Amino acid sequence: MASINSETKSSIFITGGNGSLGSAIALQIARFRPKKYHLILTARKITDPRTINVSSTLKTLNASFEFQTLDLSSLDSIRSFAATIRERVSRNDIPRFSAGGMVLSAAMNTLLKDTKTKDGWNEIYGINVLAQILLIRELLPVLNGGLVINIASAAHAMAAANYFSNETKTEIGGEHAEENLGLGDAMKRYGASKLWVIMASHALQRRLDAKPNNAIKIVSLDPGGMSGDSNLGLDHWVLNSLKVVLGFVRPVLGRLKKDAFNPPEVPAKAVADLFEMERGGLGGKYFVLDDEVESSGASLEVKSQEEAWGKICRDLEIEREV
Ligand SMILES: NC(=O)c1ccc[n+]([C@@H]2O[C@H](COP(=O)([O-])OP(=O)(O)OC[C@H]3O[C@@H](n4cnc5c(N)ncnc54)[C@H](OP(=O)(O)O)[C@@H]3O)[C@@H](O)[C@H]2O)c1
């Protein structure tokens, strides 16, 4: 599915383009910056009803966009996907990323203790951490000054910095027990995946900034609690009840804490606005919606960032240095 407008000068790549937030970001950009960006959206299934809905709305907006299939549970498919993007940029089939960039919105969460990616990694570590960093690394050669926006979460503050330090890959296709984690443990693991991408982003930004004239900037943005049809919420009675209550108290709550529970259009606007900001000082910044704040103390420790970075690079079998 592709509709490329020749007037667009830059591309923005959005993973989870059929998701609640990813699609809202695409629609926000298409509505308010028409003709400025070509949107490359990814989804696991082009035939997914959410993908079809987003596509038809983007078509009615005359947006320049395409949906591509990308499954983040396979590192090889990420490598070949990125190779195709690099090749398309080099033959000017899609606009460059320099004034655009990428938004890493796709992620998953589960109560299941031990589900595996196609490569044999625990899914939360494989999809929410390894896949994200591999995508950035593989697209670095074409980012050329592009902005990378890592969609983070306040849950990152719940986790210890060494959470995945001993994570190992198991044999592909091996059996795993269908055991559930408690809600607290599942949220800690999800939070740890968000923490690891924040830490790895700092380590990568340091390496990029050590190069002359680096213009690639990586920022993290926490969209806050979101209403809508996110599939990410765990199916647990505590969370389901909380969502109903939040729906009722949202108008009051919003006045006390602006990121408490918003429709996805609110964080989508904050993400889209980042692309319009002056980029010089953005690298390593952390935002909650449009407010720049500090991420957790653990996320800012250079030693922990370097340890996480080293482990991720070993697991991806890539060089530590860029
Ligand atoms: N919802 C919240 O309240 C909240 C709060 C804080 C942060 N966030 C963050 O916001 C981001 C977007 O979440 P959301 O609420 O929009 O969730 P969502 O609607 O469930 O979207 C998640 C997206 O990730 C994709 N995805 C999941 N597993 C994948 C895989 N293996 N390969 C490729 N794509 C995969 C999904 O694609 P499929 O349709 O194929 O499953 C979907 O497009 C996430 O990074 C999340 O951590 C959300």
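The following dialogue examines how the terms applied to this structure rest on computed values.

Trainee: What kind of model is this, and how are its residues numbered?

Mentor: This is a predicted model, in which local features need pLDDT of at least 70 and side-chain atom pairs count only at pLDDT 80 or more, while totals for chains, interfaces and linings use all residues. Residues are numbered from 1 along each chain as its sequence is written.

Trainee: How many helices and strands does the protein have, and what makes a segment one or the other?

Mentor: The protein has eight helices and nine strands. Both are DSSP runs numbered from the N terminus: helices are H or I with at least four residues, and strands are E with at least two.

Trainee: Why is the protein called as compact as a globular protein of its length?

Mentor: The radius of gyration, taken over C-alpha atoms, is set against the globule rule, 2.2 Å times the number of residues to the power 0.38. For 322 residues the rule gives 20 Å, and the protein has 19 Å, which is close to that value, so the protein is as compact as a globular protein of that length. Its C-alpha trace spans about 50 × 50 × 40 Å along the principal axes.

Trainee: Why is Leu75 called buried?

Mentor: A residue is buried if 20 or more other C-beta atoms lie within 10 Å of its own, exposed if 12 or fewer, and partly exposed in between, with C-beta atoms placed from the backbone. Leu75 has 20 other C-beta atoms within 10 Å, so Leu75 is buried. Leu75 lies in helix H3 (residues 75–90). Not counting residues up to four places away in sequence, Leu75 touches Asp119, Leu130, Ala131, Leu134 and Leu316; such a contact requires C-beta atoms, placed from the backbone, within 7 Å. In the protein overall, buried residues make up 45% of the 322 residues.

Trainee: Why does Phe248 count as exposed?

Mentor: Phe248, found in helix H6 (residues 237–256), has 9 C-beta neighbours inside 10 Å and therefore counts as exposed. The C-alpha atoms of Phe248 and Glu171 are separated by 47 Å, although these residues are 77 apart along the chain.

Trainee: Which class does Asn144 belong to, and what is its phi?

Mentor: Asn144 has 14 C-beta neighbours inside 10 Å and so counts as partly exposed. Its phi is positive, about 35°, although Asn144 is not a glycine. Asn144 is placed in the loop between H4 and E6.

Trainee: Where is Asn213, and is Asn213 buried or exposed?

Mentor: Asn213 is found in the loop between helix H5 (183–209) and E7. With 5 C-beta neighbours inside 10 Å, Asn213 counts as exposed. Asn213 also has a positive phi, near 60°, in a residue other than glycine.

Trainee: What makes strand E6 mostly covered?

Mentor: Five of the five residues in E6 (residues 147–151) are buried. Leu147, Ile149 and Ile151 point one way from E6, while Val148 and Asn150 point the other way.

Trainee: How do you know that E6 pairs with E5 and with E7?

Mentor: Two strands pair if DSSP finds at least two bridges between them. Four bridges join E5 (residues 96–104) to E6, and five bridges join E6 to E7 (residues 217–222). Both pairs run parallel. Leu147 stands opposite Gly101 and has Lys217 as its bridge partner in E7.

Trainee: Why is the crossover from E3 to E4 called right-handed?

Mentor: A crossover is right-handed if, with the strands pointing away from the viewer, the path from the first strand over the helix to the second runs clockwise. E3 (residues 37–43) and E4 (residues 65–69) pair in the parallel sense over five bridges. The chain crosses from E3 through helix H2 (residues 49–60) to E4, and this β-α-β crossover is right-handed.

Trainee: What makes helix H7 mostly covered?

Mentor: Seven of the 10 residues in H7 (residues 265–274) are buried, among them Val266, Pro267 and Leu274. The buried residues of H7 pack against H1, E5, E6, E7 and strand E8 (286–288).

Trainee: How many residues surround the ligand, and which are the closest?

Mentor: The ligand is surrounded by 28 residues, and the closest are Gly16, Gly19, Ser20, Arg44 and Ser230. A residue is near a molecule if its C-beta atom, placed from the backbone, lies within 6 Å of it. Helix H1 (residues 20–32) gives the most to this shell, with three residues.

Technical notes:
Contact = placed C-beta atoms within 7 Å.
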